[in-house]
Amino acid sequence: GVNRPVLRQCPTEWAKYTGIGSSILVTALMAMLSGGYAIYIVFDDIKVGTFFGVFWGSLIFYLDRFIVNTMYSDSMPSSTYVKLVSGMHRIIIAIFLGVIIFAPLELWIFEDCVNDQIYQNQVAAMQIINQQINNGMLSYQDYIATLSSDGFIARYRTLNMIAQSNNHVFWCRIFISFLFVVIVTEPILIKMMLHNGPYDDMLRAEEHRNLNKSRMDTHENNLK
C-alpha cells in the first residue's frame with residue numbers, strides 16, 4: 001500500500017516496508033489455512049474448505065493491509081505514546097482477528113490429542129449406551145446421533161477438556177496463542193515503532209504538492 005514511485009527513490013526504506021508487507025502476507029496465509037481447515041471439519045469437503053480458505057485469507061489480507069495503511073496517513077511525526085494511543089483500537093481489532101484465526105489452527109496443531117480423546121470418549125459412551133439399549137432405555141437412532149457428534153464445536157470443547165486435565169497442553173496452548181497474537185499484531189507494532197525516514201519526508205512533500213496543486217486548480221476554476 002505504499003507509494004511506489006516515492007519508495008523507489010528511497011532504497012534504504014525498502015527493507016522496512018518489505019518486512020511490514022511480509023508480516024501481513026504471513027497473517028493472510030495462516031488465516032487461509034485456518035479458515036479452510038475449519039470449514040473442512042464442518043462439511044468434510046476439501047473443495048469447499050479450499051474455496052473458503054482462499055476467500056478468508058484474501059479477506060484478512062485486505063483488512064490487515066487497510067488497518068496498517070490507514071495508520072498516520074497524514075505523515076506527521078508523533079511520539080511513541082501518541083502512536084500507541086491512536087493505534088490502540090487497531091491493536092484490539094488485530095487481537096480479535098488473531099483469536100478468530102487461531103482457533104481452527106489450534107485444533108489442527110492438537111489434532112492427535114483431540115482424536116485420541118474423542119476415541120476414548122466414544123468407547124466409554126458406547127459401553128454406557130449398549131447397556132441402555134439392552135435395558136430398553138435408549139433407541140438405536142439416539143445411539144447413532146451420539147456417535148456422530150464430532151463437529152467443530154465438539155472438537156473444540158474436547159480440546160478445552162484436555163487442557164483442563166493436562167498442564168502440558170494448557171501451557172502449550174497459552175504459549176502458541178501468545179505467539180500467534182504477536183505475529184498478527186506485528187505489522188501494526190512495527191509501524192508504531194518505526195521513526196519517520198526519507199520515505200515519510202518525501203511522501204509528506206508529495207502530499208503537500210498535490211494539495212497545493214488541488215487548491216490552485218480549484219481557485220482557477222472559481223475565477224472562470
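1. Start with Pro11, which sits in the loop between α1 (4-8) and α2. Pro11 is exposed, with a relative accessible area of 51%. The cut-off for exposed is over 50%, so Pro11 falls on the exposed side of that limit. Now look across to Pro198. Pro11 and Pro198 are 187 residues apart along the chain, yet their C-alpha atoms are separated by 9.4 Å. Keep in mind that this is a predicted model.

2. Next, the overall layout. The chain holds 10 helices and 0 strands. Read from the N terminus, the elements run α-α-α-α-α-α-α-α-α-α. The chain has 224 residues, and 32% of them count as buried. Its accessible surface comes to about 14400 Å². Carbon and sulfur atoms account for 65% of that surface.

3. Ser23 is found in helix α2, which spans residues 14-43. Is Ser23 buried or exposed? Ser23 has a relative accessible area of 7%, so the label is buried; the limit for that label is under 20%. Set aside neighbours within four places in sequence. Ser23 is then in contact with Glu186, Pro187 and Ile190.

4. Asp64 belongs to helix α3, which covers residues 46-69. At 5% relative accessibility, Asp64 counts as buried. Which residues does Asp64 touch, not counting residues up to four places away in sequence? They are Ile24, Thr27, Val184 and Pro187.

5. Now the charged pair. Side chains of opposite charge can pair when their charged atoms come close. The count here comes to 1 salt bridge. The side chains of Arg173 and Glu106 form it, at 2.4 Å from N to O. Arg173 lies in helix α9 (residues 167-193) and Glu106 in helix α5 (residues 88-109), so the bridge ties together parts that are 67 residues apart in sequence. Are these two residues buried or exposed? Both Arg173 and Glu106 are buried.

6. Arg173 lies over the face of Tyr156. The distance from the ring centre is 5.8 Å.

7. Turn to the rings. The count comes to 5 aromatic pairs. In one of them, the rings of Phe52 and Phe55 have centres 6.1 Å apart and planes at 50 degrees, so the pair is tilted. Both residues lie in helix α3, 3 residues apart, about one turn of the helix. Phe52 is partly exposed, with a relative accessible area of 28%. Phe55 is partly exposed as well, at 47% relative accessibility.

8. Phe61 and Tyr62 make another pair. Their ring centres are 5.3 Å apart and their planes stand at 80 degrees, so this pair is edge-to-face. Phe61 is partly exposed, with a relative accessible area of 25%. Tyr62 counts as exposed, at 54% relative accessibility. Which residues do ring pairs link into a cluster? The cluster is made of Phe52, Phe55 and Trp56.

9. Last, the surface. Leu25, Leu29, Met32, Leu33 and Val54 form a nonpolar patch there. Together they have about 430 Å² of accessible area. Which helix gives the most to the nonpolar patch? Helix α2 does, with 4 residues. Val54 has its place in helix α3. Val54 counts as partly exposed, at 44% relative accessibility.

How values were computed. Residues are numbered from 1 along each chain as its sequence is written. This is a predicted model: local features need pLDDT of at least 70, side-chain atom pairs count only at pLDDT 80 or more; totals for chains, interfaces and linings use all residues. Side-chain values use heavy atoms; hydrogens and water are left out. Patches are made of residues with over 30% relative accessible area and no salt bridge: like charges are joined within 9 Å, nonpolar side chains (Val, Leu, Ile, Met, Phe, Trp, Tyr) within 5 Å. Accessible areas come from the Shrake-Rupley method with a 1.4 Å probe; for residues, only the protein chains shown count as cover. A salt bridge is a side-chain nitrogen of Lys or Arg within 4 Å of a carboxyl oxygen of Asp or Glu. Helices (H or I, at least four residues) and strands (E, at least two) are DSSP runs, numbered from the N terminus. Buried means under 20% relative accessible area, exposed over 50%, partly exposed in between (1.4 Å probe, protein chains only). Rings of Phe, Tyr and Trp (its six-membered ring) pair if their centres lie within 6.5 Å; planes under 30 degrees apart count as stacked, over 60 as edge-to-face and the rest as tilted. A charge sits over a ring if NZ of Lys or CZ of Arg is within 6 Å of the ring centre and within 35 degrees of the ring normal. Contact means heavy atoms within 4.5 Å.
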